[in-house]
Amino acid sequence: MSAAVVVLAAGAGSRVGAARNKVLLPLGDTSVLGHSVRAALAVEQVTRLVLVARPGEEDAVRESVTPLLGEDGALLVTGGETRHASEWRALQALVPDVEAGEVDVVAIHDGARPFASPALFAAVLDAAREHGGAIPVTAVPGLVAADLRAGVERVVGVQTPQAFRAGPLLAAYRRASEDGFEGTDTASCLERYADRDVRIHAVASSPRNLKITFPEDVAVAAELL
């Protein structure tokens with residue numbers, strides 16, 4: 001089966017200290033967004049790519065990744081006022097492919113995470129097919145959570161790409177839309193609305209899959225290249 005990847009590029013550059021959207025900042029031979037797009041397209045099973053842009057930035061987003069897209073291109077969607085709203089708009093654009101059986105899993109990724117590897121994309125997509133959903137996680141050094149019943153467990157950081165079976169994902173977001181619910185990330189919506197046979201599986205990741213949020217992150221990303 002084929003997979004779709006949604007890359008969210010509808011953020012801003014306020015906290016990173018940039019005058020424009022942080023995903024459009026240059027990073028090596030492309031933009032921050034370009035690295036995410038290139039990694040997703042390197043995965044053989046990915047046949048659909050949806051980019052979500054802020055209103056008014058559609059052309060800038062398209063231009064920043066056009067050299068990477070080849071003949072197939074990508075579907076560009078204008079995002080909403082919140083992350084959840086942007087995800088829902090992207091998923092609605094995929095409805096025909098999902099209902100036709102052409103896409104069986106969907107991954108949603110932050111365009112501001114330029115170092116998610118093709119191997120990580122493939123791992124979460126494969127795990128989503130098996131379990132229903134998958135999220136990449138990495139240990140947070142020095143932090144633990146104590147549960148008197150279960151003992152002491154290390155806290156983990158949740159990243160993207162997060163992947164899910166397409167049918168349950170669409171069903172969950174439809175129900176969320178009816179209820180007016182907005183999750184903090186994709187997994188939180190699935191946890192609230194998905195059937196019991198959908199389990200969120202943790203896939204090992206690493207701190208290298210950083211999200212560019214603050215000015216120092218730009219410098220770190222340049223060094224990681």
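Mentor: Let us start with a definition: strands are DSSP runs of E with at least two residues, helices are runs of H or I with at least four, and both are numbered from the N terminus. Keep in mind that this is a predicted model.

Trainee: Where is the place of Pro-161 in those terms?

Mentor: Pro-161 sits in the loop between strand 8 (151-158) and strand 9 (162-165).

Trainee: What kind of peptide bond joins Thr-160 and Pro-161?

Mentor: A cis one, with omega at about 10 degrees. As a general point, most peptide bonds are trans.

Trainee: Why is Pro-161 called buried?

Mentor: Buried means under 20% relative accessible area. Pro-161 counts as buried because its relative accessibility is 0%. Leaving aside neighbours within four places in sequence, Pro-161 has contacts that include Ala-107, Ile-108, His-109, Phe-121 and Pro-136.

Trainee: What about Gly-132: why does it count as buried?

Mentor: Gly-132 is at 0% relative accessibility and therefore counts as buried. Its place is in strand 7 (residues 132-147). Not counting residues up to four places away in sequence, Gly-132 touches Ala-127, Ala-163, Phe-164, Arg-165, Val-198 and Arg-199. Gly-132 and Asp-195 are 63 residues apart in sequence, yet 9.6 Å apart in space, C-alpha to C-alpha.

Trainee: What share of contacts in the protein chain, between residues at least 6 apart in sequence, join residues at least 24 apart?

Mentor: That share is 71%.

Trainee: What makes a group of residues a nonpolar core?

Mentor: Its members must be buried residues of a nonpolar kind, joined through side-chain atoms within 4.5 Å. The largest such core here has 31 residues, and Val-5, Leu-33 and Leu-125 touch the most other members. Strand 1 (3-9), helix 1 (32-41), strand 4 (46-53), helix 2 (58-69), strand 6 (105-110) and helix 4 each supply at least two residues of this core. Helix 4 gives the largest share, six residues. There is also a second, separate core of 29 residues, including Val-77, Ala-172, Ala-187 and Cys-189.

Trainee: Why does Val-5 count as buried?

Mentor: Val-5 is at 0% relative accessibility, so it counts as buried. Its place is in strand 1. Among the residues Val-5 touches, beyond those up to four places away in sequence, are Ala-40, Val-46, Leu-49, Ala-107 and Phe-121. The C-alpha atoms of Val-5 and Ile-108 are separated by 5.9 Å, with the two residues 103 apart along the chain.

Trainee: What makes helix 6 (residues 186-193) count as mostly covered?

Mentor: Six of its eight residues are buried. They are Thr-186, Ala-187, Ser-188, Cys-189, Leu-190 and Tyr-193.

Trainee: How many helices and strands does the secondary structure of the protein chain come to, and what percentage of its 225 residues is buried?

Mentor: The protein chain has seven helices and ten strands, and 48% of its residues are buried. The chain exposes about 10900 Å², of which carbon and sulfur atoms supply 51%.

Notes:
Residues numbered from 1 in each chain as written. Predicted model: local features only at pLDDT ≥ 70, side-chain atom pairs only at ≥ 80, totals over all residues. Heavy atoms only, no water. Buried < 20%, exposed > 50% of the residue type's maximum accessible area, 1.4 Å probe, protein only. Contact = heavy atoms within 4.5 Å. Areas by Shrake-Rupley, 256 points an atom, 1.4 Å probe, with all protein chains shown as cover.
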